Amino acid sequence: EIMLVAVALGILAALAIPNYSRAIERSHLRAAEDLLLTIYAGQRGYFFVNNRYKALPTGSSMNDWRAIYMDDPNLGSIPVTYVVVTNESLSPCNPVPCFIATATRTQGTCNTKTRTINQDRAFGGDWPAC
């Protein structure tokens, strides 16, 4: 009887662990998309005041992030890094102002996968396919 219980628990664990990992990835993706939408909204507000978008490269300070009306999302608890590039480095956009905000997964089964949003509120990236 103990052997049957052990086998049954092993089968349940084998089914539950991959589902748990997928649920974790989905929750990190949703949190990243929420923060990308917040970045989008902050960038739009910054644009209306300054007539340009705010670049936020890796290592941007808290004050840089607060310029778009939010705290630095890189200090959060999910393993994702956020950067924003503007039309200074996006040649297809010149001279029209544009930005792309990128969330990059830094660990887990989707490590290095990205999710992006641009000035038109269009999502992109390869993370959802992970």
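Modeller: Two strands count as paired if DSSP finds at least two bridges between them. Helices (H or I, at least four residues) and strands (E, at least two) are DSSP runs, numbered from the N terminus. This is a predicted model, so local features need pLDDT of at least 70 and side-chain atom pairs pLDDT 80 or more, while totals for chains, interfaces and linings use all residues. Residues are numbered from 1 along each chain as its sequence is written, and side-chain values use heavy atoms, with hydrogens and water left out.

Colleague: In which order do the four strands of the sheet run?

Modeller: Strands of a sheet pair through backbone hydrogen bonds, either parallel or antiparallel. Here the order is E1-E2-E3-E4, in an open sheet with antiparallel pairing.

Colleague: How many bridges join E1 and E2?

Modeller: Seven bridges join E1 to E2 (residues 99-105), in the antiparallel sense. Look for Val 84 opposite Ala 101 in E2. Tyr 82 faces Ala 103 in E2. On to E3: five bridges tie E2 to E3, again antiparallel.

Colleague: Is E2 largely enclosed or open?

Modeller: Buried means under 20% relative accessible area, exposed over 50%, partly exposed in between (1.4 Å probe, protein chains only). Five of the seven E2 residues are buried, so E2 is largely enclosed by the rest of the structure.

Colleague: Which strands does helix H1 lie across?

Modeller: Helix H1 (residues 2-50) lies across E1, E2, E3 (114-118) and E4, at about 160° to E2. Axes are lines fitted to C-alpha atoms, for helices over the stretch in contact, and angles run from 0 to 180 degrees between N-to-C directions. For contact, the cut-off is heavy atoms within 4.5 Å. Beyond four places in sequence, Leu 36 is in contact with residues including Tyr 82, Ala 101, Ile 117 and Phe 123.

Colleague: Which residues touch the most other members of the largest nonpolar core?

Modeller: In soluble globular proteins, nonpolar side chains tend to be buried together. A nonpolar core is a set of buried Ala, Val, Leu, Ile, Met, Phe, Trp, Tyr and Cys residues joined through side-chain atoms within 4.5 Å. The largest one here has 21 residues, and Leu 36, Ile 39, Trp 65, Ile 68, Tyr 82, Val 84 and Ala 101 touch the most other members. H1, E1 and E2 each supply at least two residues. H1 gives the most, with seven.

Colleague: How many salt bridges does the count come to?

Modeller: The rule asks for a side-chain nitrogen of Lys or Arg within 4 Å of a carboxyl oxygen of Asp or Glu. The count is four. One of them joins Arg 115 and Glu 33, at 2.8 Å from N to O. Arg 115 is in E3 and Glu 33 in H1, 82 residues apart. Arg 115 is buried at 13% relative accessible area, and Glu 33 is buried at 19%. Another joins Lys 54 and Asp 64 at 3.8 Å. Lys 54 is in the loop between H1 and H2, Asp 64 in helix H2, so this pair ties together parts ten residues apart in sequence.

Colleague: Where does Asn 51 sit?

Modeller: Asn 51 is in the loop between H1 and H2 (62-66). Its phi is near 60°, a positive value in a residue other than glycine. Asn 51 is exposed, at 59%. Arg 121 has phi near 65°, also positive. Arg 121 lies in the loop between E3 and E4 and is partly exposed at 48%.
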